[in-house]
Amino acid sequence: MNSQSPIYSLKFTITWIFVYGFIVFVLWQFIQIFLALYLGLWALNLIIEIIERLFLRFGKRIITVEK
């Protein structure tokens with residue numbers, strides 16, 4: 001084994017650990033954003049369905065562009 005290789009350098013290893021940590025942090029932020037968007041759309045769809053059913057129960061219709 002070549003002990004002069006940068007792979008065996010502690011400074012080299014710590015640097016890559018920080019780079020890996022940064023990559024994980026950035027990916028985690030994206031996952032949170034996409035998860036929030038997905039759950040937000042799901043909740044919005046659920047609210048629209050509930051309101052539409054309430055309107056239908058009371059004999060009213062929601063006027064939309066589609067006829």
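**View 1. F30 and F34 share helix α1.** Both residues lie in helix α1, which covers residues 10-57. They are four residues apart, about one turn of the helix. The model is predicted. Their rings form an aromatic pair, and the count of such pairs comes to one. The ring centres of F30 and F34 are 6.3 Å apart and the planes are at 20°, so the pair is stacked. The cut-offs behind that call are centres within 6.5 Å and planes under 30 degrees apart. F30 is partly exposed, at a relative accessible area of 44%. F34 is exposed, at 53%.

**View 2. R53 and E49 form a salt bridge.** The structure holds one such bridge. The closest N and O atoms of R53 and E49 are 4.0 Å apart. The cut-off for a salt bridge is within 4 Å. Both residues sit in helix α1, four residues apart. That spacing is about one helical turn. R53 counts as exposed, with 60% relative accessibility. E49 counts as partly exposed, with 33%.

**View 3. A nonpolar patch lies on the surface.** Its members are L35, Y38, L39, W42, L46, I50, L54 and F58. Together they have about 890 Å² of accessible area. One of them, L54, lies in helix α1. L54 is partly exposed, with a relative accessible area of 42%. Patch residues need over 30% relative accessible area, so L54 at 42% passes that cut-off.

View 4. The chain has 67 residues, and 0% of them count as buried. The accessible surface of the chain comes to about 7000 Å². Carbon and sulfur atoms account for 73% of that surface. The stacked pair of F30 and F34, the salt bridge of R53 with E49 and the nonpolar patch with L54 among its members are the details shown in the other views.

How values were computed. Residues are numbered from 1 along each chain as its sequence is written. This is a predicted model: local features need pLDDT of at least 70, side-chain atom pairs count only at pLDDT 80 or more; totals for chains, interfaces and linings use all residues. Side-chain values use heavy atoms; hydrogens and water are left out. Rings of Phe, Tyr and Trp (its six-membered ring) pair if their centres lie within 6.5 Å; planes under 30 degrees apart count as stacked, over 60 as edge-to-face and the rest as tilted. Helices (H or I, at least four residues) and strands (E, at least two) are DSSP runs, numbered from the N terminus. Buried means under 20% relative accessible area, exposed over 50%, partly exposed in between (1.4 Å probe, protein chains only). Patches are made of residues with over 30% relative accessible area and no salt bridge: like charges are joined within 9 Å, nonpolar side chains (Val, Leu, Ile, Met, Phe, Trp, Tyr) within 5 Å. Accessible areas come from the Shrake-Rupley method with a 1.4 Å probe; for residues, only the protein chains shown count as cover. A salt bridge is a side-chain nitrogen of Lys or Arg within 4 Å of a carboxyl oxygen of Asp or Glu.
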